[in-house]
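User: I would like to go through the labels used for this model and see what each of them rests on. Could you take them up in turn?

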Amino acid sequence: MNKKRGGHYRRGKNKEMDYFIECATSLFPNNHYSRFTPIYDTTKEFYQLITSSDTTERAILNWIASNRAWNYLFGLLRHYYRTGHHDDNYIFPEFKIGSAYVADYLLIGNSSDGYQFVFVELEAPNGRITKEKGTRFGEVINKGIEQVRDWQMYIAANWNVIVAELEKHSFSNTKLPRQLYKYCPYQIYYAVIAGLRKDFENIRDRKLQLQNENNITLLHYENLIDVANEN
């Protein structure tokens, strides 16, 4: 409309228009996380949800989607993966990994090193998070780790399937940037989110070992609150 009138829209005039333009011109318009994305303070509600004894993983997924509270996920990119500082960032809820697996989220962030991928598995915030006086992973964390290891093996052998799924989300199924067609294990990360801060008091060394040996970041739900509004 601006072009028809002989003019050009300048960013900064209208936040809603800025948000629309940045999403519409991005690689994956419906999954783009814009710096102009409206953020509402839902910390109190989210904290009540994750500390409830009967909250499930599905309840958390549904709450984030219904409240469009994507900042809880985007914060992970900026804080833990040194990306998300550019405008080219995406969040895919329930991303299909072939026909057998589904990641609760796939996060994609662009940086000076190119695109980074983070496949996220959510587990319950309650239950047996740890065992043996809190020094070893319990059933909830081990379930998430086992799931992610299955993803790792599949993705390493079937990166073309991941690319095909990404193409479905692109504008008019257009070709993706060349980098995305090449499997690069150094730009693919995994995260398991389970439990609360109190559950992680005695497993710091095991967390570091898991990250160093298996490229899996282990986080608790209060970490999401910590990083949600760092923008």
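User: Are Tyr33 and Phe74 buried or exposed?

Analyst: In this predicted model, Tyr33 is buried, and Phe74 is buried as well; the word applies to residues under 20% relative accessible area.

User: What makes the pair of Tyr33 and Phe74 stacked?

Analyst: The ring centres of Tyr33 and Phe74 are 4.2 Å apart and their planes stand at 15 degrees; since rings pair within 6.5 Å and planes under 30 degrees apart count as stacked, the pair is therefore stacked. It links distant parts of the chain, with Tyr33 in the loop between H1 and H2 and Phe74 in helix H4, 41 residues apart.

User: Why are H2 and H8 called roughly antiparallel?

Analyst: Helix H2 (residues 43-50) and helix H8 (residues 221-228) pack at about 170 degrees, their axes 10 Å apart, and because angles over 145 count as roughly antiparallel, the two helices are described that way. Where they meet, H2 contributes Thr43, Phe46, Tyr47 and Ile50, and H8 contributes Tyr221, Glu222, Leu224 and Ile225; of the residues in this contact, six are nonpolar, one is polar and one is charged.

User: Which residues of helix H3 are buried, and what puts them on the same side of H3?

Analyst: Ile60, Leu61, Trp63 and Ile64 are buried in H3, which spans residues 57-67. They cover an arc of only 165 degrees around the axis, and therefore lie on the same side of the helix. The buried residues of H3 pack against several elements, among them H2, helix H4 and H8.

Conventions: Residues are numbered from 1 along each chain as its sequence is written. This is a predicted model: local features need pLDDT of at least 70, side-chain atom pairs count only at pLDDT 80 or more; totals for chains, interfaces and linings use all residues. Side-chain values use heavy atoms; hydrogens and water are left out. Axes are lines fitted to C-alpha atoms, for helices over the stretch in contact, and angles run from 0 to 180 degrees between N-to-C directions. Helices (H or I, at least four residues) and strands (E, at least two) are DSSP runs, numbered from the N terminus. Angles under 35 degrees count as roughly parallel, over 145 as roughly antiparallel, 65 to 115 as roughly perpendicular and the rest as oblique. Contact means heavy atoms within 4.5 Å. Ala, Val, Leu, Ile, Met, Phe, Trp, Tyr, Cys and Pro count as nonpolar, Asp, Glu, Lys and Arg as charged, and the others, Gly among them, as polar. Buried means under 20% relative accessible area, exposed over 50%, partly exposed in between (1.4 Å probe, protein chains only). The arc is that of the directions from the helix axis to the C-beta atoms. Rings of Phe, Tyr and Trp (its six-membered ring) pair if their centres lie within 6.5 Å; planes under 30 degrees apart count as stacked, over 60 as edge-to-face and the rest as tilted.
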